[in-house]
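I opened a new notebook page for this structure.

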Amino acid sequence: MTAFIFPGQGSQKVGMGSDLADASAHAREVFQEVDEALKQKLSALMKEGPESELTMTANAQPAIMANSIATTRVLEKEFGVVLADTATCVAGHSLGEYSALCAAGAFSLTEAAKLLRLRGIAMQDAVPIGVGAMAALLGADIEKATALAQAAAQGQVCEVANDNDPGQVVISGHAEAIDRAIELAKDHGIKRGIKLPVSAPFHCSLMEPAARRMEAALSDTPPHAFTVPLFANVTAARVTDPAEEQRLLVEQITGRVRWRESVIAMRAAGIERFVELGGKVLGPMVGRIDKDAAAISLVTMEDLENFAKEIG
């Protein structure tokens, strides 16, 4: 039993998708459709940079999705490995949930690109630059991270944003509270806290204005039926109903990304193999969550060819 999984923000880099675009017309079609949907040469930015512009949330989110969908499309069209026939379920990390839904037919590529562009802008606009921050807590489990966040808040927002794996939790909130958390980390038995190079405090209650904008956008562009079940970030539970998923995508903006719990839930549902499409971030995380789970990351044509041969 196989889960197809899709990476989130932080997996972007200049040159992403170039190998696929050079080798496959199907990949080029994906990038061209996203360019047309956004009225922007995002594919050129992905290929050539500058990195500072690619990293901007409004660019990074659709770019990562486009790369994941190009990878999925090439796997299906060039190598005959069809998601609906191969995957038992799908899941994605934060914006990767939109990639997962697009791959499973809940959103068209154009819909996903436009929604993620708006999502990036809405998240950026929700909090003035410098007011919010995020930090990765290394050597922290969820209990230690939660206790630290509560201690550092002191009347401000400081919340667990991402429960990634047993040794990495990300917190989000007001910049001063995040600074306090980094200072207090060792007192809470956490190896250290590292401030992340992000432009906004994602997945915390400060994102409420962005959640309202996405609620309106998703009411105009709701998800359609999807071909395989999805494990949602905010519940770490299986979803098959588009209306429920529409609500969960709104909650996801301010809610915690329960990635560790999602992997555990997928394993409990019988998933033996995790296949990451378009990045090499989630595969290693899966290995840290469950050493007995098979995890593979598909990025290059060679990766895709080898995977197709393996399951063929």
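**Entry 1: helix H10**

Which residues are buried in H10? I looked them up in this model, which is predicted. Ala 175, Ala 177, Ile 178, Arg 180 and Ala 181 of H10 are buried. I then asked what these buried residues pack against. Their partners are H9 and the strands E3 (132-138), E4 (158-165), E5 (168-174) and E6.

I took H9 next. H9 covers residues 142-153 and H10 covers residues 175-184. Their axes come within 8 Å. They cross at roughly 125°. That makes H9 oblique to H10. The contact uses Leu 148, Ala 151, Ala 152 and Ala 153 on the H9 side. On the H10 side I noted Ala 177, Arg 180, Ala 181 and Leu 184. The crossing of H9 past H10 is right-handed.

I turned to H5 (residues 57-77) and H7 (residues 96-103). At what angle do their axes cross? The angle is roughly 30°, and the axes come within 9 Å. H5 passes H7 in a right-handed crossing. From H5, I listed Met 65, Ser 68, Ile 69 and Thr 72. They meet Ser 99, Cys 102 and Ala 103 of H7.

**Entry 2: salt bridges**

Side chains of opposite charge can pair when their charged atoms come close. How many salt bridges does the count come to? I found 12 salt bridges. I followed several of them up.

Lys 195 sits in strand E6 (residues 192-195), and Asp 179 sits in H10. The pair links distant parts of the chain, 16 residues apart. Lys 195 is partly exposed, at 41% relative accessible area. Asp 179 is partly exposed too, at 32%.

I moved on to Asp 290 and Arg 267. Their side chains form a salt bridge of 2.8 Å, N to O. Asp 290 is in the loop between helix H14 (282-289) and strand E10 (294-298). Arg 267 is in helix H13 (residues 259-268), so the pair ties together parts 23 residues apart in sequence. Buried or exposed, where does Asp 290 fall? Asp 290 is buried, with a relative accessible area of 18%. Arg 267 counts as partly exposed at 23%.

Then I checked Glu 310 and Arg 273. The salt bridge between their side chains is 3.6 Å, N to O. Glu 310 belongs to helix H15 (residues 301-311), and Arg 273 belongs to strand E9 (residues 273-277). The two are 37 residues apart, and the pair links distant parts of the chain. Glu 310 is exposed, at 53% relative accessible area. Arg 273 counts as partly exposed at 22%.

I also found a network. Glu 208, Arg 212 and Glu 215 are joined by salt bridges that share partners.

**Entry 3: a charge with no partner**

Next I looked up Glu 245. It lies in helix H12 (residues 242-254). Which side chain of opposite charge is nearest to Glu 245? I found Arg 247, 8.5 Å away. Glu 245 is buried yet has no salt bridge. What does Glu 245 contact, leaving aside its neighbours within four places in sequence? My list reads Glu 97, Leu 101, Phe 226, Leu 230, Ala 232 and Val 239.

Most residues other than glycine have a negative phi, and most peptide bonds are trans. I searched for exceptions.

Where is there a cis peptide bond? I found one joining Gly 49 and Pro 50, with omega about 5°. Pro 50 is in the loop between helix H3 (42-48) and helix H4 (51-54).

Then I looked at phi. His 203 has a positive phi near 55°, and it is not a glycine. His 203 lies in the loop between E6 and helix H11 (208-220). His 203 is buried, with a relative accessible area of 4%.

Ala 236 also went into my notes, with a positive phi of about 55°. Its place is the loop between strand E7 (230-231) and strand E8 (238-239). Ala 236 counts as buried, at 9% relative accessibility.

Note on methods. Residues numbered from 1 in each chain as written. Predicted model: local features only at pLDDT ≥ 70, side-chain atom pairs only at ≥ 80, totals over all residues. Heavy atoms only, no water. Helix = DSSP H or I, 4+ residues; strand = E, 2+ residues; numbered from the N terminus. Buried < 20%, exposed > 50% of the residue type's maximum accessible area, 1.4 Å probe, protein only. Lys, Arg positive; Asp, Glu negative; His and termini not counted. Salt bridge = Lys/Arg side-chain N within 4 Å of Asp/Glu carboxyl O. Contact = heavy atoms within 4.5 Å. Axes fitted to C-alpha atoms, helices over the stretch in contact; angles between N-to-C directions. Parallel < 35°, antiparallel > 145°, perpendicular 65-115°, else oblique. Left-handed = near helix turned anticlockwise from the far one by under 90°.
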